[in-house]
Amino acid sequence: MRIRDDRDRSLDFASPPRRVVSLVPSDTLNVAAIGCARALVGRTDYCELPEGVVRALPSVGGTKNPRVDAVCDLSPDLVLANQEENTRGDLEELAKRGVRVYIAFPKRVAAGLGHLGKLARIFGVAADADVKCLVERGYDALRAAETARTAATPLRTFCPIWMDPLMTIHGDTFVSDMLDLCGAQNVFADRIRRYPLAADLGRAAALPPEKIGDRDVRYPRVTTDEVVSRAPELVVLPDEPYAFRECDVAFFRGLDTPAARRGAVVRTSGKDVSWYGARSIDAIARLRELVGRCGLSS
């Protein structure tokens with residue numbers, strides 16, 4: 001069987017992988033969700049779920065700085081990686097050492113569900129009744145949210161991912177798509193990251209595209225003045241990658257925005273907005289409920 005990953009690389013599987021190192025927290029959960037946790041032999045420090053599974057696995061380090069030697073010592077026949085979460089040099093080094101690396105990069109909720117389906121094929125469980133039910137339940141939740149989204153006016157939403165410096169998300173991200181699907185329209189969907197930093201903060205001219213190269217422009221640093229000018233009706237504060245606290249809630253409630261005046265500054269699970277695949281299946285309903293409650297509070 002031949003599978004293409006999100007880097008359009010072809011990977012051949014004569015049989016399901018038996019020794020898998022996951023460098024992606026959401027994929028550790030995905031593999032377990034399709035009933036293949038027994039194939040996992042390693043994970044990262046940030047792989048938290050399922051708790052019973054990760055507790056029994058050795059860690060190979062962080063997502064940005066895994067110990068390549070430790071990965072290779074586990075003799076994996078597959079490493080699950082993500083273009084955004086993992087470092088290119090580490091993945092290239094693994095490939096040089098003959099390790100098969102599958103690189104995912106879903107930027108839409110639907111793509112995350114498609115990725116879950118690909119994993120089911122890779123592990124040879126796509127025809128299992130429980131797996132088929134799981135994937136179908138995901139697409140049912142997606143379609144229900146899409147239908148509801150077209151029938152209601154979305155809330156203009158600000159979702160920061162870091163506090164100091166204040167950072168947020170462009171529309172070409174999984175987080176933005178997840179929020180939008182659930183009725184929370186990203187007010188910074190059109191805002192790219194400008195280089196250098198002074199340009200991102202409006203203090204200097206931005207470099208032209210040809211000088212930016214392949215640097216990621218989807219996570220801009222913004223000022224509080226920009227946030228106010230975008231007039232969000234809802235502020236969503238996830239608990240990862242930055243763990244927003246009650247003092248941060250108070251800060252955003254103190255800004256001159258419709259969200260602050262409506263009391264619509266809320267915290268939520270970072271996993272619900274950013275983990276693709278199995279986690280998003282039930283997260284869709286949770287986020288739709290959260291956004292719905294905030295919509296009714298005006």
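**Helix pair α5/α6**

I looked up how α5 and α6 run relative to each other, and they are roughly antiparallel. The label rests on cut-offs: under 35 degrees is roughly parallel, over 145 roughly antiparallel, 65 to 115 roughly perpendicular, and the rest oblique. I read a packing angle of about 170° between helix α5 (residues 109–122) and helix α6 (residues 129–150), with axes 10 Å apart. Axes here are lines fitted to C-alpha atoms, for helices over the stretch in contact, and angles run from 0 to 180 degrees between N-to-C directions. Helices (H or I, at least four residues) and strands (E, at least two) are DSSP runs, numbered from the N terminus.

I then listed the contact, meaning heavy atoms within 4.5 Å. From α5 come V109, A110, L113, G114, L116 and A120. From α6 come V131, L134, V135, G138, Y139 and L142. The residues of this contact divide into 10 nonpolar, 2 polar and no charged. Ala, Val, Leu, Ile, Met, Phe, Trp, Tyr, Cys and Pro count as nonpolar, Asp, Glu, Lys and Arg as charged, and the others, Gly among them, as polar.

**Ground rules**

I note that this is a predicted model, where local features need pLDDT of at least 70, side-chain atom pairs count only at pLDDT 80 or more, and totals for chains, interfaces and linings use all residues. Residues are numbered from 1 along each chain as its sequence is written, and side-chain values use heavy atoms, with hydrogens and water left out.

**Sheet β4-β3-β5-β6**

I traced an open sheet of 4 strands in the order β4-β3-β5-β6, with parallel pairing. Two strands pair if DSSP finds at least two bridges between them. β4 (40–42) and β6 (101–104) are the edges; each has a single partner strand, so one side of each has no neighbour in the sheet. The twist averages 35° from one strand to the next. Strand β3 (residues 20–22) is joined to β4 by 2 bridges, and the two run parallel. V20 stands opposite L40 in β4. Helix α5 turns up again here: α5 lies across β5 and β6, at about 165° to β6.

Is H115 buried or exposed? H115 is buried, with a relative accessible area of 2%. Buried means under 20% relative accessible area, exposed over 50%, partly exposed in between (1.4 Å probe, protein chains only). H115 lies in helix α5. I found a polar contact of 2.8 Å from the side chain of H115 to the side chain of D27. A polar contact is a pair of N or O atoms within 3.5 Å; within protein, one must be able to donate a hydrogen and the other to accept it, and residues adjacent in sequence count only if both atoms are side-chain atoms. Leaving out residues up to four places away in sequence, H115 touches D27, N30, Y102, A104 and Y276.

**N82 in β5**

I moved to N82, in strand β5 (residues 78–82). N82 counts as buried at 2% relative accessibility. Which backbone nitrogen lies 2.7 Å from a polar atom of the N82 side chain? That of E84. The N82 side chain also reaches the backbone nitrogen of E85 at 2.8 Å. Residues up to four places away aside, N82 touches V24, L91, I103, A104, F105, P106 and Y276.

D216 sits in the loop between α9 (209–212) and α10. I logged D216 as partly exposed, at 32% relative accessible area. D216 and E84 are 132 residues apart along the chain, yet their C-alpha atoms are separated by 9.0 Å. Not counting residues up to four places away in sequence, D216 touches E84, R193 and Y195. A polar contact of 2.9 Å joins the side chains of D216 and R218.

D225 is in helix α10 (residues 224–230). D225 is exposed, at 60% relative accessible area.

Strand β7 (residues 155–158) and β8 share 3 bridges and run parallel. R156 has Q185 in β8 as its bridge partner.
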